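These are my notes from going through one model. I wrote them in the order in which I looked things up.

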Amino acid sequence: MITDFKAQIFCRENNLSKREIDTGDPVWIERISSFFRTSSLLPPDGDPSEYAAAFEAIYPQPRHRRQYIDDAISKGTPCFGHKVLGSLIAAGQVDCIFTTNFDPLAEEAATSANAVLPPAEQHRATVAAIDSADRAMRSVNESDWPLIAKLHGDYQSIAIKNTGSELEQQDARMRHVLEEAGKRFGMVFIGYSGRDASILEVLNAVLKSPSPFPSGLYWVASSAEHLLPKVVELLTRAVEVGVDVAVVECATFDELAAALTKAIDLPQPLYDYAMVGRPAPRLVPVQPPSAEARRFPVLRYSALLIEAMPLVARRVRLTQATTSPEVRGLFKSAGVRATAAAMGRELAVFGRDQDILNALAQLGATLAGTIELDPARESWAAGLVYDTLVRALARRRPLIPRLRRSGHSIIVAPPRADERPDQTARRESSLRALKDAYGTTLTGTVPKLMFPFQEGISLKLDQIDGRWWCGFEPYTFVELPMRERPPAGSEDRSSSEDEYDPLSGRNDRGGDPAGDWRRERWAQRYNSTWARIIGAWAHLLTGPSGSPRRAFDLDDGTGVDATFNLASVTGWSRPGHHHVYFDRSR
């Protein structure tokens with residue numbers, strides 16, 4: 001209304017037609033505001049008397065003001081907030097409403113809400129304006145609730161309060177009703193500016209009573225920082241006399257009403273009535289598209305996330321110092337399945353306790369509880385977990401673990417000559433998906449050279465961003481003929497066992513006779529084939545359900561086993577926004 005009044009004054013003072021301006025255009029709004037900032041026609045923007053002065057400047061006669069309000073109200077309908085308020089009235093949860101508005105929306109909403117209830121459960125409101133204050137007086141004297149009291153009059157009232165002189169004095173009887181209500185109840189002020197000196201005078205008078213606002217005073221506004229000084233003074237006095245005071249920030253009446261529906265238990269018919277008027281939410285659930293989205297570049301990593309790994313191993317004490325290779329040699333000689341990391345006279349071991357003690361008897365081995373593993377900080381712990389992980393992934397699968405100083409790997413086990421038909425069927429079933437992904441046999445001999453080959457993967461244990469990953473790289477391993485080893489002490493003798501590994505295939509000395517064949521075997525395997533191979537290996541290593549992988553399958557209490565949980569889906573990555581794919585200008 002203030003914007004409309006200012007627009008009319010602006011047009012009158014500048015000899016313009018109202019059709020020539022658009023009050024919805026920010027440019028025109030700023031132009032009108034600038035005009036009033038440089039003139040003295042109205043009080044400053046935001047002044048408490050601004051509304052009354054603007055209304056009287058356009059419509060000096062009371063009948064004209066009534067006609068303006070009547071025309072405006074004829075276009076109004078109850079909003080969601082009105083329907084919630086009407087439902088609270090009909091439910092008997094609101095005793096008294098005071099409003100400075102002229103419209104009938106609150107009582108219309110209450111009437112509609114009552115209509116959905118049986119007559120015996122209805123709470124019909126008494127409506128009183130300044131020209132029918134006797135009704136309000138009766139309601140207060142007889143505690144006949146609910147009451148809707150219109151402090152500035154009804155749009156149909158002969159006397160309605162809009163101008164400064166009208167707002168200066170409040171009808172004595174309506175003043176009494178408002179004051180009595182303040183002494184009996186707590187009050188919630190919703191969206192009220194506090195511009196009217198007459199009403200604030202009544203509220204300040206309530207504070208002088210023995211028990212003002214016994215259930216508290218709540219002032220709901222869009223911003224606590226924009227309260228008028230007179231309102232701040234009122235709230236400050238209320239606090240000083242012991243009233244529970246709170247300023248509640250809420251953008252709109254509808255938002256407050258929505259919050260009330262969550263906190264107050266309305267009868268189901270009233271709740272349904274109120275919800276019909278609820279505004280459509282800005283965010284609504286939608287059905288995700290089921291069609292395949294536009295293809296975009298994606299990187300699939302040949303790495304599996306290790307969701308859980310062993311952090312405790314068996315502690316074994318020895319009477320003499322030893323090394324990890326020596327311990328592995330003793331395990332191999334005794335035929336014991338175990339992995340260990342040596343730290344002088346102590347070992348961290350996974351395996352069956354009694355077998356370990358028997359294999360290490362010559363070292364005076366005794367059990368000494370457990371030892372915690374911190375592979376992120378201790379290299380020996382990382383090595384022990386790495387060794388055990390390879391054994392766990394190969395266990396109970398047609399795979400062979402290969403632990404080497406230069407890096408561990410797993411290869412596909414070739415069929416044995418003494419293999420039973422049922423064993424052959426199980427092996428082929430386990431490897432079927434892998435074989436389909438490769439599109440070729442997984443074991444065999446290199447043409448012409450007649451060297452045996454086996455498909456496999458090189459394994460790596462890495463920690464990235466605080467998480468452990470098992471990386472794997474598919475590779476074709478070829479069993480090269482064993483070359484004669486140089487004698488001990490010879491300058492040509494290498495300290496690395498890998499040079500004499502018959503399946504190494506990465507022989508740095510003497511070249512790789514199967515290198516050309518291997519490159520040709522992989523040359524035609526493009527991205528789609530690589531993706532299938534990576535997926536098949538991931539499925540083979542983790543199983544169909546991603547079940548835990550155990551290195552030794554020990555029974556409870558017989559030793560410390562190493563258990564790993566690996567995610568069944570490999571890592572994926574999309575390129576950054578700066579990728580050439582997203583540069584549509586090219």
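Entry 1, helix pair. The model I am reading is predicted. I looked up helix α5 (residues 80–90) and helix α12 (residues 253–263), whose axes come within 8 Å and cross at roughly 40°. Angles under 35 degrees would count as roughly parallel and 65 to 115 as roughly perpendicular, so α5 and α12 are oblique to each other. I noted the hand of the α5 and α12 crossing as left-handed. On the α5 side I listed F80, G81, H82, V84, L85 and L88, which meet F253, D254, A257, A258, L260 and T261 in α12.

I counted 19 helices and 18 strands in the protein chain. The chain has 586 residues, of which 43% count as buried. I also took the contacts between residues at least 6 apart in sequence: 69% of them join residues at least 24 apart.

Strand β9 (residues 338–352) is joined to β17 by 2 bridges, and G351 stands opposite V560 in β17. I then checked the helices against this sheet.

I picked G344, which is in strand β9. Is G344 buried, exposed or partly exposed? Buried would need under 20% relative accessible area and exposed over 50%; G344 is at 30% and therefore counts as partly exposed. Leaving aside neighbours within four places in sequence, I found G344 in contact with L318, Q320, A321 and T322. For T322 I also noted the separation from G344: 22 residues in sequence and 5.7 Å in space, C-alpha to C-alpha.

In soluble globular proteins, nonpolar side chains tend to be buried together. I looked up the largest nonpolar core, which has 47 residues; I306, I410, L434, W537, L541 and F564 touch the most other members. Helix α16 gives the largest share of this core, 9 residues. A second, separate core has 33 residues, including A128, A181, V202 and L235. I went back to W537 for its contacts beyond four places in sequence, and they are L399, V412, L434, Y438, E455, G456, I457, F472 and P474.

Strand β11 (residues 399–402) pairs with β12 in the antiparallel sense over 4 bridges, and I400 has I411 as its bridge partner. The hairpin of β11 and β12 has 6 residues between the strands, and G407 in this hairpin takes a positive phi near 145°. Strand β14 (residues 452–464) also runs antiparallel to β12, joined by 3 bridges. In β14, I457 is the bridge partner of I410.

I found a cis peptide bond between W145 and P146, with omega about 5°. P146 lies in the loop between α7 (133–142) and β3 (147–150). S143 is found in the loop between α7 and β3, and its phi is near 50°, a positive value in a residue other than glycine. I noted S143 as partly exposed at 40% relative accessibility. N15 is not a glycine either, and has a positive phi of about 55°. I placed N15 in the loop between α1 (2–13) and α2 (26–37). At 72% relative accessibility, N15 counts as exposed.

Note on methods: Residues numbered from 1 in each chain as written. Predicted model: local features only at pLDDT ≥ 70, side-chain atom pairs only at ≥ 80, totals over all residues. Heavy atoms only, no water. Pairing = 2+ DSSP bridges. Buried < 20%, exposed > 50% of the residue type's maximum accessible area, 1.4 Å probe, protein only. Contact = heavy atoms within 4.5 Å. Core = buried A, V, L, I, M, F, W, Y, C linked by side-chain atoms within 4.5 Å. Axes fitted to C-alpha atoms, helices over the stretch in contact; angles between N-to-C directions. Parallel < 35°, antiparallel > 145°, perpendicular 65-115°, else oblique. Left-handed = near helix turned anticlockwise from the far one by under 90°.
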